[in-house]
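Here is a friendly walk through one chain, meant to be read with the model open beside you.

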Amino acid sequence: MKCYEIFARLSPELTNEIFAHLIEHERPVYKAMIQNVATRRKLRSVFIERKPRDERHVWLKQALSLKSADDIATQLLQIWLLGAHRQMICDFLDLLGIKHDGKGVVDDLPAEPRREALAGTITKLLENRPPEVVAVYLHAFQAMGQTGWSTLDEILATDPRIALRIS
């Protein structure tokens with residue numbers, strides 16, 4: 001699943017959470033995203049900025065759900081996950097014994113872990129985090145890698161706890 005497809009499946013609540021995080025903590029990124037989306041849609045950014053926030057976020061979600069916006073969607077998910085959910089990323093990597101810089105960034109991703117280790121790690125992440133956030137992270141993790149892990153692909157396709165439903 002590509003990042004634009006992840007955006008297409010986000011709940012309205014999580015969509016608003018992502019955009020609220022960007023507004024509060026990454027305002028220049030939020031403004032640049034609006035400008036970029038507007039330019040691609042052959043609009044002026046003021047057209048988007050003047051919409052009421054809820055309406056603007058629905059419109060932006062639709063725009064980021066297009067295949068042509070995958071690069072923007074990928075960048076936004078990376079920024080949001082590393083900003084708002086860094087501890088979850090670090091926990092995921094730590095539980096799998098993957099070395100990182102302490103901020104969730106990995107230089108070289110090792111070979112995929114055993115299925116049992118991966119499934120156990122996912123279960124631990126779900127113990128105290130919203131399932132949709134865990135699902136977004138895992139799907140984005142797969143989308144951002146060069147090849148991804150086939151075992152994680154199988155788990156994402158079969159585990160209903162981390163399914164992203166079309167909204």
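## Where H2 meets H5

Thr15, Asn16, Phe19 and Ile23 in H2 meet Arg53, Asp54, His57, Leu60, Lys61 and Leu64 in H5; contact here means heavy atoms within 4.5 Å. By class, this contact of H2 with H5 has 4 nonpolar, 3 polar and 3 charged residues. In that scheme Ala, Val, Leu, Ile, Met, Phe, Trp, Tyr, Cys and Pro count as nonpolar, Asp, Glu, Lys and Arg as charged, and the others, Gly among them, as polar.

Two packed helices are described by the angle between their axes and the distance between the axes. Helix H2 covers residues 12-25 and helix H5 residues 53-64, and they pack at an angle of about 105° with their axes 10 Å apart. That makes H2 roughly perpendicular to H5. Angles under 35 degrees count as roughly parallel, over 145 as roughly antiparallel, 65 to 115 as roughly perpendicular and the rest as oblique. The axes are lines fitted to C-alpha atoms, for helices over the stretch in contact, and angles run from 0 to 180 degrees between N-to-C directions.

## About the model

This is a predicted model, in which local features need pLDDT of at least 70 and side-chain atom pairs count only at pLDDT 80 or more, while totals for chains, interfaces and linings use all residues. Residues are numbered from 1 along each chain as its sequence is written, and side-chain values use heavy atoms, with hydrogens and water left out.

## The chain as a whole

The secondary structure comes to 10 helices and 0 strands. Helices (H or I, at least four residues) and strands (E, at least two) are DSSP runs, numbered from the N terminus. The radius of gyration of the chain is 16 Å, close to the 15 Å that the globule rule gives for 167 residues, so the chain is as compact as a globular protein of that length. This radius is taken over C-alpha atoms, and the globule rule is 2.2 Å times the number of residues to the power 0.38.

Along its principal axes the C-alpha trace spans about 50 × 30 × 30 Å. Buried residues make up 43% of the 167 residues, where buried means under 20% relative accessible area, exposed over 50%, and partly exposed in between (1.4 Å probe, protein chains only). Of the contacts with a separation of 6 or more, 68% are between residues 24 or more positions apart.

## H2 against H3, and Phe19

H2 also packs on H3: their axes come within 5 Å and cross at roughly 120°. That makes H2 oblique to H3. The contact is made by Phe19, Leu22, Ile23 and His25 of H2 and Arg27, Val29, Tyr30 and Met33 of H3. Its residues are 6 nonpolar, 1 polar and 1 charged by class.

What is the relative accessible area of Phe19? Phe19 is buried, with a value of 0%. Leaving aside neighbours within four places in sequence, Phe19 is in contact with Phe7, Tyr30, Met33, His57, Leu60, Lys61 and Leu64.

## Ile72 in H6

Helix H6 (residues 70-84) holds Ile72, which counts as buried at 6% relative accessibility. Beyond its neighbours within four places in sequence, Ile72 is in contact with Met33, Asn36, Val37, Arg40 and Leu64. Ile72 and Arg40 are 32 residues apart in sequence and 11 Å apart in space, C-alpha to C-alpha.

## A look at the loops

Ser11 lies in the loop between helix H1 (3-9) and H2 and is buried, with a relative accessible area of 15%. The side chain of Ser11 reaches the backbone nitrogen of Leu14 at 3.1 Å, and a polar contact of 2.7 Å joins the side chains of Ser11 and Glu132. A polar contact is a pair of N or O atoms within 3.5 Å; within protein, one must be able to donate a hydrogen and the other to accept it, and residues adjacent in sequence count only if both atoms are side-chain atoms.

Most residues other than glycine have a negative phi. Lys42 has a positive phi of about 60° although it is not a glycine. Lys51, in the loop between helix H4 (45-49) and H5, is buried at 15%.
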